[in-house]
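Reader: I am new to this structure and would like to know what its labels rest on. Please show it to me, and then I will ask about the terms.

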Amino acid sequence: IFFSVAALQHMVEAAAPSLSKAEYNAYYNKIGKFLQDWIPIIGAEKPQADTNPFLLEAERGFNIVAHKHQTKCFNVALVALCKSGKSTFLNAMMGRDFLPSHNVPETACIVRVKHNPHCAQGRLFLNKGACVQGRDVCATLRKINSQARETNEAPPEMILEAPLVALSGKSFEGCQTSFDVSDTP
């Protein structure tokens with residue numbers, strides 16, 4: 001079930017440029033109805049899920065797809081060769097140099113950039129709830145990247161909230177849409 005929902009949603013998103021807004025909304029609503037109809041069915045299987053790893057994984061995947069459908073969350077990862085300008089490109093998208101970039105490899109940790117049009121100074125959240133803002137963001141990332149290269153330990157999850165200039169003035173029709181771009185080493 002999960003795989004068919006994900007495949008259907010992928011097909012609709014792939015065809016979206018050629019669909020009218022009404023056609024896209026009709027497909028989007030059909031997917032929503034399908035998800036809504038299957039939630040109670042999967043819930044009824046819950047007692048068996050504790051002993052069946054396939055059901056556990058199917059339920060988890062189904063919930064992820066349902067959440068993405070409801071929130072209209074877009075996740076993009078920038079993946080390219082080392083020193084190809086991924087951080088520089090993201091800095092240009094944000095209109096500020098939040099992410100460290102240099103002529104030697106700089107990025108050692110994944111940073112998820114969440115579009116937040118109300119956070120012009122930028123806020124960097126680390127997995128322990130620590131928050132760094134403004135000018136300290138780039139210096140903090142530079143320090144964390146350096147430590148990660150030296151210790152070879154897993155870095156903390158890092159989320160940078162900042163406006164993506166390319167999305168300024170864009171309306172997401174009042175939904176809970178989020179747009180995340182991950183900067184990768």
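**Labels and their cut-offs**

Author: The count of disulfides here comes to zero, where a disulfide is a pair of cysteine sulfur atoms within 2.5 Å. A disulfide is a covalent bond between the sulfur atoms of two cysteines.

Reader: What kind of model is this, and how are its residues numbered?

Author: This is a predicted model, in which local features need pLDDT of at least 70 and side-chain atom pairs count only at pLDDT 80 or more, while totals for chains, interfaces and linings use all residues. Residues are numbered from 1 along each chain as its sequence is written, and side-chain values use heavy atoms, with hydrogens and water left out.

Reader: Why is cysteine 109 called buried?

Author: Buried means under 20% relative accessible area, exposed means over 50%, and partly exposed lies in between (1.4 Å probe, protein chains only). Cysteine 109 has a relative accessible area of 2%, so cysteine 109 is buried. Cysteine 138 is at 14% relative accessibility and therefore counts as buried too. Of the 185 residues of the protein, 34% count as buried.

Reader: How many helices and strands are there, and what makes a stretch one or the other?

Author: Both are DSSP runs, numbered from the N terminus: a helix is H or I over at least four residues, and a strand is E over at least two. The protein has six helices and six strands. From the N terminus on, their order is α-α-α-α-β-α-β-β-β-α-β-β.

Reader: How do you know that the reach of helix H2 is close to the expected value?

Author: The expected span is 1.5 Å times one less than the number of residues in the helix. H2 covers residues 21-44, which is 24 residues, and the expected figure is 34 Å. From first C-alpha to last, H2 reaches 35 Å, close to that figure.

Reader: Where in H2 is the kink, and what is meant by a bend?

Author: The bend at a residue is the angle between axes fitted to the seven residues ending there and the seven starting there. In H2 the kink is about 30° and lies at tryptophan 38, shortly before proline 40. The buried residues of H2 are Tyr28, Ile31, Gly32, Leu35 and Ile42.

Reader: Why is asparagine 91 called buried, and what does its side chain meet?

Author: Asparagine 91 lies in helix H5 (residues 86-94). Its relative accessible area is 3%, so asparagine 91 is buried. A polar atom of its side chain lies 2.8 Å from the backbone oxygen of leucine 99. A polar contact is a pair of N or O atoms within 3.5 Å; within protein, one must be able to donate a hydrogen and the other to accept it, and residues adjacent in sequence count only if both atoms are side-chain atoms. Contact in general means heavy atoms within 4.5 Å. Leaving aside neighbours within four places in sequence, asparagine 91 is in contact with Arg96, Asp97, Phe98, Leu99 and Ser101.

Reader: What makes strand S5 mostly covered?

Author: Five of the five residues of S5 (residues 158-162) are buried. Met158, Leu160 and Ala162 point one way, Ile159 and Glu161 the other way, and all are buried.

Reader: Which strands pair with S5, and what makes two strands a pair?

Author: Two strands pair if DSSP finds at least two bridges between them. S2 (residues 111-115) is joined to S5 by five bridges, and the two run parallel. In that pairing, lysine 114 stands opposite glutamate 161 in S5. S3 (residues 123-126) and S5 have four bridges in the antiparallel sense, with leucine 126 opposite methionine 158.

Reader: What does S3 pair with in S4?

Author: S3 and S4 (residues 131-133) pair over three bridges, in the antiparallel sense. Leucine 124 stands opposite valine 132 in S4, and the bridge partner of leucine 124 in S5 is leucine 160.

Reader: Why does histidine 115 count as buried?

Author: Histidine 115, in strand S2, is at 17% relative accessibility and therefore counts as buried. Its side chain reaches the backbone nitrogen of leucine 164 at 3.0 Å.
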